[in-house]
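Please keep the structure open in your viewer and follow the stops below, selecting each group of residues as it is named.

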Amino acid sequence: MAGLPKTMKAIAIREPGGPEVLELAEIETPVPGHDEILIRVEAAGINRPDTFQRMGLYPPPPGAPATPGLEVAGEVVAAGSGVTRWKTGDKVCALVGGGGYAEYCLAHEAHALPVPKGLSMTEAAALPETFFTVWTNVFERGALKAGETLLVHGGTSGIGTTAIQLGLNFGATVVSTAGSPEKCQAIEKLGAHAVNYREQDFVEEVKKLTEGRGADVILDMVGGDYIERNIKAAATDGRIVSIAFLNGSTAKVNFMPVMLKRLTLTGSTLRPRSIEEKAALAETLEEKVWPLLEAGRVKPLIDKVFPLAKASDAHALMEKSSHIGKIVLTL
């Protein structure tokens, strides 16, 4: 590729372990294949799956780079055969199977979206993984509708702040849990009802706020004892969607209420889904959500920005769970 370096800086995982195993390395610059674009990365979002990959608990799918990083924003610098939408110089953000923590990153052309007008590259890098995840789980699997109540656990995470904003913009009442007064204040500032799970029982609070009905859709990334409590908090015909299990993926559950309330228990992961499925999600987001971003009705919250070489510090911050919004690397 004329004008591009043969090698680039990227974050390598020395061995499975804590944040300290992330180190800056020199690796080959990737070459775009059929339907792929090469992006000069200006910013890359940090996500929980990155930390699980670092610990050896979430290996990349076959063919994906070993370098972590699932979302990037930057400039298209090369395109493979078959690429029709993007050209050199285009500013994009993209969902990627890995490789985001690097100077250059490959993306399938259908998984890239234009950087929304009015957003910085740092903000754009906070969009793909988070918005794809929220849309597919809350609006497709959870089938949230206007007038319903959405309960979001972990409301100040990147996923949480996005789910709150999108839920409100599409006409739902949103309730969200967090573990400190500062985080609850951030949730309320976004327009949702906050529940401090250290001081309040979210099941009781949801029942109070809904006059005993419960939540129509519950987005859960906690698991553990929340699994049964979510069932108690759900409304009749409610949908409980699991996307992570920070407190464990197993629980002893009484399934009688599932049957009596006609509940749907579902969940999904994004990374292993097919090229076609991710492309369909990108198309839907561009149609339904990108106008909200460009109008300023939805905006990614950025907690802290780190340079690429400080990726270990970024992971350490994420694992403290003290952040409100997204953590981003910049190059």
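In this tour, helices and strands are DSSP runs numbered from the N terminus, a helix having at least four residues and a strand at least two. With that in hand, select His111, whose place is in the loop between strand 6 (104-108) and strand 7 (112-114). Bear in mind throughout that this is a predicted model.

Is His111 buried or exposed? His111 has a relative accessible area of 5%, and because buried means under 20%, His111 counts as buried. To see what surrounds His111, leave aside its neighbours within four places in sequence and display the residues in contact with it, which are Cys93, Ala94, Leu95, Phe132, Ile275, Lys278 and Ala279.

Next, select helix 3 (residues 128-141) together with helix 9 (residues 275-288), which pack at an angle of about 90 degrees with their axes 10 Å apart. The two helices, helix 3 and helix 9, are therefore roughly perpendicular to each other. On the side of helix 3, show Phe131, Phe132, Trp135, Thr136 and Glu140, which meet Lys278, Leu281, Ala282, Thr284, Leu285 and Lys288 in helix 9.

Now turn to helix 6 (residues 202-209) and helix 7 (residues 226-233), whose axes come within 9 Å and cross at roughly 15 degrees. That angle makes helix 6 roughly parallel to helix 7, and helix 6 passes helix 7 in a right-handed crossing. Here Phe202, Val203, Val206 and Lys207 in helix 6 meet Tyr226, Arg229, Asn230, Lys232 and Ala233 in helix 7, and the residues of this contact divide into 5 nonpolar, 1 polar and 3 charged.

Stay with helix 7 and select Tyr226, Ile227, Asn230, Ile231 and Ala233, which are buried. If you look down the axis of helix 7, its buried residues fall within an arc of 165 degrees, so they line one face of the helix. Those buried residues pack against helix 6, helix 8 (256-261), strand 8 (149-152), strand 11 (215-220), strand 12 (234-242) and strand 13 (264-267).

For the last stop, select Ala10, which lies in strand 1 (residues 7-13) and is buried, with a relative accessible area of 1%. Leaving aside neighbours within four places in sequence, Ala10 is in contact with Glu23, Leu24, Ala25, Ile27, Thr67, Tyr101 and Ala102.

Conventions. Residues numbered from 1 in each chain as written. Predicted model: local features only at pLDDT ≥ 70, side-chain atom pairs only at ≥ 80, totals over all residues. Heavy atoms only, no water. Axes fitted to C-alpha atoms, helices over the stretch in contact; angles between N-to-C directions. Parallel < 35°, antiparallel > 145°, perpendicular 65-115°, else oblique. Left-handed = near helix turned anticlockwise from the far one by under 90°. Contact = heavy atoms within 4.5 Å. Nonpolar A, V, L, I, M, F, W, Y, C, P; charged D, E, K, R; others polar. Buried < 20%, exposed > 50% of the residue type's maximum accessible area, 1.4 Å probe, protein only. Arc of directions from axis to C-beta.
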